[in-house]
Amino acid sequence: MAEGLNQHPLRMWTDAVLRSYSQIFFSRSRWVGGLMIAATGFEPRMLMYGLLAVLVSVLTAKSLRFDATLVADGIYSYNALLVGLGTAALISMDSIALAILVAGSVVSVLVTAASRSGTATNGLPILTAPFLGVYFLVVATSTSLGLSLALLPTGPEAGMFPDWLTLYFKSLGMIFFVPRLDAGFVLFVALLLHSRIATLFSLAGLGVAYAVMQVSALSVLAGDVFPMLLALNLMFTAIALGGVWFVP
């Protein structure tokens, strides 16, 4: 608590921005956060919307006088970051999209605070539940307004990688709605810097996802998005279980 209260304002803002990103990997590392910001830089729209969402959410949390340490750790802003990135992936860039982004960021802070208060007695983590709830509102609002939807940026393909490794990198990139090989590789470096155990478990989760896709009827589903979503969810489940709560 003392660290957050006595921190220089510039240092607090820097920590809050960087850790908003690193919290996605259950990390407090500024270096990890910096690499994750760099990964979104392959798509300028994602970079701009993500940073704007974080700045709005941190300003909101500070204005409401939430715990300074939690604000500096990015606890109140990482869900807003995902809302911002999701908005960038969903809506073509214009003034209405920016308005939705700002509103969604503010609401995500309020939902995060309410969720933390509601789970404080039993110690349950809120993870990305606030993001999911707010993002559904963003999607519904965008649909009702008839906004034109944007396409997920896929970036250049690289035939030099085997299919499973391509799926791994693109699934990591999907964390920030940037399913690109280059963005995924930067995120892999960030994950490796954070924890070798977490990296190992992410590969284990990928192995399960890849095996399921090969031997089940799920392999006939059209498109490239579903395999990445399946791999991403299993990878994060493995990271959370094996790299955070039940570390072997």
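**Close-up views of a predicted model**

View 1. Glutamate 43 sits in the loop between helix 3 (30-40) and helix 4 (44-63), helices being DSSP runs of H or I with at least four residues, numbered from the N terminus. Its side chain makes a polar contact of 2.8 Å with the side chain of arginine 180, where such a contact is a pair of N or O atoms within 3.5 Å, one able to donate a hydrogen and the other to accept it. This is a predicted model, in which local features need pLDDT of at least 70 and side-chain atom pairs count only at pLDDT 80 or more, whereas totals for chains, interfaces and linings use all residues. Residues are numbered from 1 along each chain as its sequence is written, and side-chain values use heavy atoms, with hydrogens and water left out.

**View 2. Helix 10 and its neighbours.** The 14 residues of helix 10 (residues 181-194) reach 20 Å from first C-alpha to last, close to the 20 Å expected at 1.5 Å a residue, the expected span being 1.5 Å times one less than the number of residues. Among the buried residues of helix 10 are Leu181, Val186, Phe188 and Leu191. The buried residues of this helix pack against helix 3, helix 9 (163-174), helix 11 (196-215) and helix 12 (225-245), contact meaning heavy atoms within 4.5 Å.

Note on methods: Helices (H or I, at least four residues) and strands (E, at least two) are DSSP runs, numbered from the N terminus. Buried means under 20% relative accessible area, exposed over 50%, partly exposed in between (1.4 Å probe, protein chains only).
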